[in-house]
Amino acid sequence: MTTVGIIGSGMIGGTVARLSVAAGHKVVVSNSRGPETLQELVAELGPLASAGTAEQAAEAGDLVVVSIPVKAFAEIPAKPLAGKAVLDTGNYYPERDGHFEELDTGALTSSGLLQRDLPEAHVVKVFNNIFFKHLQSLARPSGAEDRTALPIAGDDETAKAEVIAYLDSIGYDAVDAGPVAESWRQAPGTPAYGTPYGPFSDEAGTPASAAKIHAALTGAHR
């Protein structure tokens, strides 16, 4: 049984927690407001879930999901994440995060920035290109004909293998988009962002095969 630490338990983080417990994983959820504000979510998730601080979630997790704004990266506890796969679900929005020159110029991706902030962790970009309601609704058992794929990007092959196995357990195939430097291919404004899974107005979403996601990644241009 894998323990998934979740730093940031909003729409994507909360959905990942739901999929994780449904697959039999333990989760430790956290947010910026404190564990006491997550008791309703923990009650919904059941006995496999608990709430903690960001540091406790980082320490407990075999895999750790980071689902917070780019502007909050500096608040992530780095030490307990050393050697772990860190799943970065976020996107850079200057109107929310403020401007980061490296991101504005394309010198770094947002996951590259997180990797720089967490030099001993293994950052893998995932979950950032899909609407949270589609993430919940499109999960399918392994081998299902209408299984959906999610792109991942990361520099460490072992960490990516861990993430691929985890995605399989919660109902998704994976498409390797390359290293962190290539994670812009699944960012907002690219063919892989949102569109393959159908419009946000359709809460059920549309299954997107690995071939469809691979084509979308290949078709991305800066």
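Predicted model: local features only at pLDDT ≥ 70, side-chain atom pairs only at ≥ 80, totals over all residues.
## Aromatic rings

Residues are numbered from 1 along each chain as its sequence is written, and side-chain values use heavy atoms, leaving out hydrogens and water.

The structure has three aromatic pairs. Rings of Phe, Tyr and Trp (its six-membered ring) pair if their centres lie within 6.5 Å; planes under 30 degrees apart count as stacked, over 60 as edge-to-face and the rest as tilted. Tyr-92 and Phe-100 are an edge-to-face pair because their planes meet at 85°, with ring centres 6.1 Å apart. Tyr-92 is buried, at a relative accessible area of 18%. Phe-131 and Phe-132 also pair edge-to-face, with 5.1 Å between centres and 75° between planes. Phe-131 is buried at 15% relative accessibility, whereas Phe-132 is partly exposed at 22%. Together with Phe-200, Phe-131 and Phe-132 form one aromatic cluster.

## The sheet

Next comes an open sheet of eight strands, in the order β3-β2-β1-β4-β5-β6-β7-β8, with mixed pairing. Strands (E, at least two residues) and helices (H or I, at least four) are DSSP runs, numbered from the N terminus; two strands pair if DSSP finds at least two bridges between them. β3 (49-51) and β8 (173-176) each have a single partner strand, so one side of each is left without a neighbour in the sheet.

What is the sense of the pairing between β6 and β7? Strand β6 (residues 122-125) and strand β7 (residues 149-154) are antiparallel and share two bridges. Val-124 sits opposite Gly-154 in β7. By contrast, β4 (residues 63-66) and β5 run parallel, joined by four bridges, and Val-65 has Leu-87 as its bridge partner in β5. Four bridges also join β5 to β6, again in parallel; here Val-86 is partnered by Val-123 in β6.

Strand β5 (residues 85-88) is worth a look from both sides. In a regular strand the side chains alternate between the two faces of the sheet. Ala-85 and Leu-87 point one way, Val-86 and Asp-88 point the other way, and all are buried.

## Nonpolar cores

In soluble globular proteins, nonpolar side chains tend to be buried together. A nonpolar core is a set of buried Ala, Val, Leu, Ile, Met, Phe, Trp, Tyr and Cys residues joined through side-chain atoms within 4.5 Å. The largest one has 42 residues, and those with the most contacts inside it include Leu-87, Phe-127 and Tyr-172. A second, separate core of 20 residues includes Ala-72, Ile-76, Leu-103 and Ala-121.

## A buried asparagine

Finally, find Asn-129 in the loop between β6 and α7 (132-137). Is Asn-129 buried or exposed? At 1% relative accessibility, Asn-129 is buried. Its side chain reaches the backbone oxygen of Ala-192 at 2.8 Å. Leaving aside neighbours within four places in sequence, Asn-129 is in contact (heavy atoms within 4.5 Å) with residues including Leu-150, Gln-186, Ala-192 and Tyr-197.

Note on methods
Buried < 20%, exposed > 50% of the residue type's maximum accessible area, 1.4 Å probe, protein only. Polar contact = N/O pair within 3.5 Å; in protein donor to acceptor, adjacent residues only side chain to side chain.
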